[in-house]
Amino acid sequence: MFSIKKRAIFNKTLIFLFLFFIYVSSSNATNRIIEKDSDKDGVTDRRIYFDVRGNIEKLEVDTNQDSKMDTFQFYRYGKIVRIEKDSDKDGVLDTFEYFKNGKRDYQEKKKGGKVYRVVYFDLNELPQKIKRDSNGSSFFDTITYFKNGKISLITKDKNENSIIDSWHKFENDKLIYFKKDVDNDKIVDAIYFVDDNKKIKESRHDKDKNGKWEIYKYYKDGKLFKQKKDLDYDGFFEVVTEFKDEKPIKEKKDTNKDKKYDVYSFLKNSIVYLQKKDTNFDTKLDTFFHYNKEGVLEKKEEDSRHKGVIDKIQFFKNKELTQFDYDTDGDGFIETFSYYKNRKLYLKSKDSNKDNKVDEKVFYNSKGDKEKACFDTNFDGKFDTTQFYKDSKLIRIEKDENHNNIVDTKLFFKDGVRETMVKDTNENGFFETKQYFEKDTNNKIIEISKEFGETLLIKSYYKNDILSFRELNKNSDDKMDVQEFYDEKGKLYKILEDEDFDGYFELFWEYKQEKAIKCLQDVNKDKKYDITFFYNKNGMVKKIEEDTNFDGKVDVWEEYDDAEVLISKKQDYNFDGIPDIIENN
């Protein structure tokens, strides 16, 4: 009989020997392998490994019949746990699928030993999420989410800073819209809606980062055709832009926020060539801008009085004003034209009688000072009056008063005030008439000289433009022979005359209502009048009184009829003041 202690040792020994026998038997056994030629080409394309219990452990498959196994399936307890594939058949395993409870749990794809794509599956082995590394940086920048096996959402982190910057939303595997955060500030900048052909049909943009859309864009066949901007988020679009071939062709704006458009722009090749404005916001367009193909302003038209008629037109070249046309009186006819060079006015013209012919021209120097002005006073298409300036002050006027293209009048100024004027009355090139003006009054002096000489023939004095005194040189010598005196109304009332041109005025004429009534004569030039002639209302001599002996007393009396025929004569021979002889016709 074994003791209890010996029996325990014996039992342990039996157990050890049994386990050892099993181990030796197991280690000596060989796993079963089955090879198959599924396409009957004489080359094994499948190899199946079983464990000692007969459970499949691994399946190798040559999917492209190149005698190289490229797919490896691993099993545990008869259930698949992993699949490894060489999907591009380059001899390197690149796809790994992992299973859980016999169902795919996730899949990895590798390139260069790095995982660049991971697919996660749901319980139905439908894709639930896909992570992608699009640039081999080992950072998953793109994630695709699925719902019931269909794409629901795709997110992207393009700059790999762990901030999503793009979202693509799907329904029933169709892209509905996508959103973008361009500057990675975690605020969506834009959302794009697409049609069934994945072409953008509408987009909205938040430029000021306040979480509200202020820009709306609309597309046809994926091409932009209209854009709207609601800058104050009140539901009214202050800016509306139309496009053709994705290039802007027309735009309207509400600049004063009265919900009425007041600026219209028209574009070609994305450059504005015409712009219309309502500057006073009365719903009527009043200003028009015309641009060249580079978008530089060439012409501006303006209804400055807001009467529905263009009254101002400005022309530009290289961004500088070259011409300015203006309707000065607002009657709808533009009659004033100003021309500029190097931003300075050099010519201004005017059609004052509105016959479409310029009848006034004013020229300016480089300093902007007026130099010359030309006028067509009778509107015959020829300039007949020219004004000359110095430092913008009038110094001379030249006129062709009878309009035969020959200057016949010149008017000179000093400090902007009339000083002298000369005239060529017979247009032979010699200005024989000269007129002087008194400063700050209407008084003036007019001189008439002999042709082609300096001999003065007539000199007239005016007060307030009324003739007051005149001198005449009848024999063209160097002395004035006649002096005429006029009253404040310009009526002749007296004349002094040097009849024999010796420098002494021996005749004195008296006038009434510009008709001679009496003439006194100093025959012996002793400064005493010796003969007096009396005239009737018709200017005919009616009576003569004479002092023949120069004693200061009349001694001859003669009377005449209306035909100046002597009808009576009286004579005092002894000079006692009493007629001695009386003769009647």
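## Overall form

What share of the 585 residues in the chain is buried? In this predicted model, buried residues make up 34% of the chain. The chain exposes about 36200 Å² of surface, and carbon and sulfur atoms supply 49% of that area.

The secondary structure consists of one helix and 46 strands. Taken along the principal axes, the C-alpha atoms fill a box of roughly 230 × 55 × 45 Å. The radius of gyration is 61 Å, whereas a compact globule of 585 residues would have a value near 25 Å. Among the contacts in the chain with a separation of 6 or more, those between residues 24 or more positions apart account for 6%.

## Salt bridges

Side chains of opposite charge can pair when their charged atoms come close. The structure holds 30 salt bridges, and one of them joins Lys-459 to Glu-447, with the closest N and O atoms 3.5 Å apart. Lys-459 belongs to strand β36 (residues 456-463) and Glu-447 to strand β35 (residues 444-449), so this pair ties together parts of the chain that are 12 residues apart in sequence. Glu-447 is buried, because its relative accessible area of 11% falls under the 20% limit used for that class.

A salt bridge also forms between Lys-525 and Asp-502, whose closest N and O atoms are 2.0 Å apart. Here the partners lie in loops: Lys-525 is in the loop between β41 (515-521) and β42 (531-535), and Asp-502 is in the loop between β39 (492-497) and β40 (507-512), so the pair ties together parts that are 23 residues apart in sequence. Lys-525 counts as partly exposed at 28% relative accessibility, and Asp-502 counts as partly exposed at 37%. In another salt bridge, the side chains of Lys-543 and Glu-545 meet with an N to O distance of 3.8 Å, and Lys-543 is partly exposed, with a relative accessibility of 29%. Salt bridges can also be joined to one another, and a network of them links Glu-35, Arg-47, Lys-58 and Glu-60.

## Aromatic pairs

A pair of aromatic rings is described by the distance of the centres and the angle of the planes. How many aromatic pairs does the count come to? The count comes to 13 aromatic pairs, and among them is the stacked pair of Phe-178 and Tyr-192, with 4.7 Å from centre to centre and 15 degrees between the planes. This pair links distant parts of the chain, since Phe-178 is in strand β13 (residues 174-180) and Tyr-192 is in strand β14 (residues 190-194), 14 residues apart. Both Phe-178 and Tyr-192 are buried.

The rings of Tyr-461 and Phe-469 form a tilted pair, with 5.4 Å between the centres and 40 degrees between the planes. Tyr-461 is partly exposed at 23% relative accessibility, whereas Phe-469 is buried, with a relative accessible area of 17%. These two residues also belong to a cluster, in which ring pairs link Tyr-461, Phe-469, Phe-485 and Tyr-493.

## Charges over rings

## Positive phi angles in loops

Most residues other than glycine have a negative phi. Which residue has a positive phi of about 55 degrees although it is not a glycine? Gln-65 has this backbone angle, and Gln-65 lies in the loop between β3 (56-61) and β4 (71-76). With a relative accessibility of 45%, Gln-65 counts as partly exposed.

Asp-391, which is likewise a residue other than glycine, has a positive phi near 55 degrees. Asp-391 is found in the loop between β30 (385-390) and β31 (393-399). Is Asp-391 buried or exposed? At 59% relative accessibility, Asp-391 counts as exposed, because its value is over the 50% limit for that class.

Note on methods
Residues are numbered from 1 along each chain as its sequence is written. This is a predicted model: local features need pLDDT of at least 70, side-chain atom pairs count only at pLDDT 80 or more; totals for chains, interfaces and linings use all residues. Side-chain values use heavy atoms; hydrogens and water are left out. A salt bridge is a side-chain nitrogen of Lys or Arg within 4 Å of a carboxyl oxygen of Asp or Glu. Helices (H or I, at least four residues) and strands (E, at least two) are DSSP runs, numbered from the N terminus. Buried means under 20% relative accessible area, exposed over 50%, partly exposed in between (1.4 Å probe, protein chains only). Rings of Phe, Tyr and Trp (its six-membered ring) pair if their centres lie within 6.5 Å; planes under 30 degrees apart count as stacked, over 60 as edge-to-face and the rest as tilted. The radius of gyration is taken over C-alpha atoms; the globule rule is 2.2 Å times the number of residues to the power 0.38. Contact means heavy atoms within 4.5 Å. Accessible areas come from the Shrake-Rupley method with a 1.4 Å probe; for residues, only the protein chains shown count as cover.
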